[in-house]
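Here is a friendly walk through the packing inside this model. Have a look at the structure first, and then read on.

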Amino acid sequence: MERHGDAVKFYIHGYISDIDMAEEIMLEAFARLLVKAPTLRTGGFKPYLYKTARNLALKHLNYRSRFTSLDALAFEPVEDRQLEEGLLRDERERELYRNLDRIAPEYREALYLVYIEELSYVEAAAVMRKSRKQVENLVYRGKRAMKALMDKGEEAGKGASSAAASPMRLSPAAIGGDGA
């Protein structure tokens, strides 16, 4: 190990580019030689050692390729603007849910089924025991009621920027009323 250790370590480092891991792999290569104690012909020790070290290095690379190290990830702190946008989006979502509680129960149920549960109008109609047209009308009226409440909240300074989109399908654009 004294004679070949450093050379094997640097040989492994050429494969994996991590000197600490190269040292561990070098130690494992020597340990395998001691445990297996192969019968080697004259001059066969060094090639066998390098072959074992190479195989261990390649095995390590294969294993490492399956996982992403936290050290390998580029850490960038969240910018103030991103943080602010996230907070505005969260506030907008909370406002949507608060306003859902303020509209008529039938409107709330129709909006919930169509936008949050993502049911079709036909599926929502079956759940609510109404016709498709009735559900369309409830959704339309619910969106108008939600828009009025959201506009009132924004005028009072409680709402978020209209540029902040909600992550749910019941977005400000959805309640803005497109006529359907």
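The largest nonpolar core has 17 residues, and those with the most contacts inside it are Leu111, Val114, Met128, Val135, Val139 and Met146. Such a core is a set of buried Ala, Val, Leu, Ile, Met, Phe, Trp, Tyr and Cys residues joined through side-chain atoms within 4.5 Å; buried means under 20% relative accessible area, exposed over 50% and partly exposed in between, with a 1.4 Å probe and protein chains only.

| Helix | Residues |
|---|---|
| Helix 5 | 105-116 |
| Helix 6 | 121-128 |

Helices here are DSSP runs (H or I, at least four residues), numbered from the N terminus. This is a predicted model, in which local features need pLDDT of at least 70 and side-chain atom pairs count only at pLDDT 80 or more, while totals for chains, interfaces and linings use all residues. Residues are numbered from 1 along each chain as its sequence is written, and side-chain values use heavy atoms, leaving out hydrogens and water.

A second, separate core of 14 residues includes Ile12, Phe30, Tyr50 and Ala53.

Finally, His60 lies in helix 3 (residues 45-65). His60 counts as buried because its relative accessibility is 17%. Leaving aside neighbours within four places in sequence, His60 is in contact with Ile16, Met21 and Ile25.

Technical notes:
Axes are lines fitted to C-alpha atoms, for helices over the stretch in contact, and angles run from 0 to 180 degrees between N-to-C directions. Helices (H or I, at least four residues) and strands (E, at least two) are DSSP runs, numbered from the N terminus. Contact means heavy atoms within 4.5 Å.
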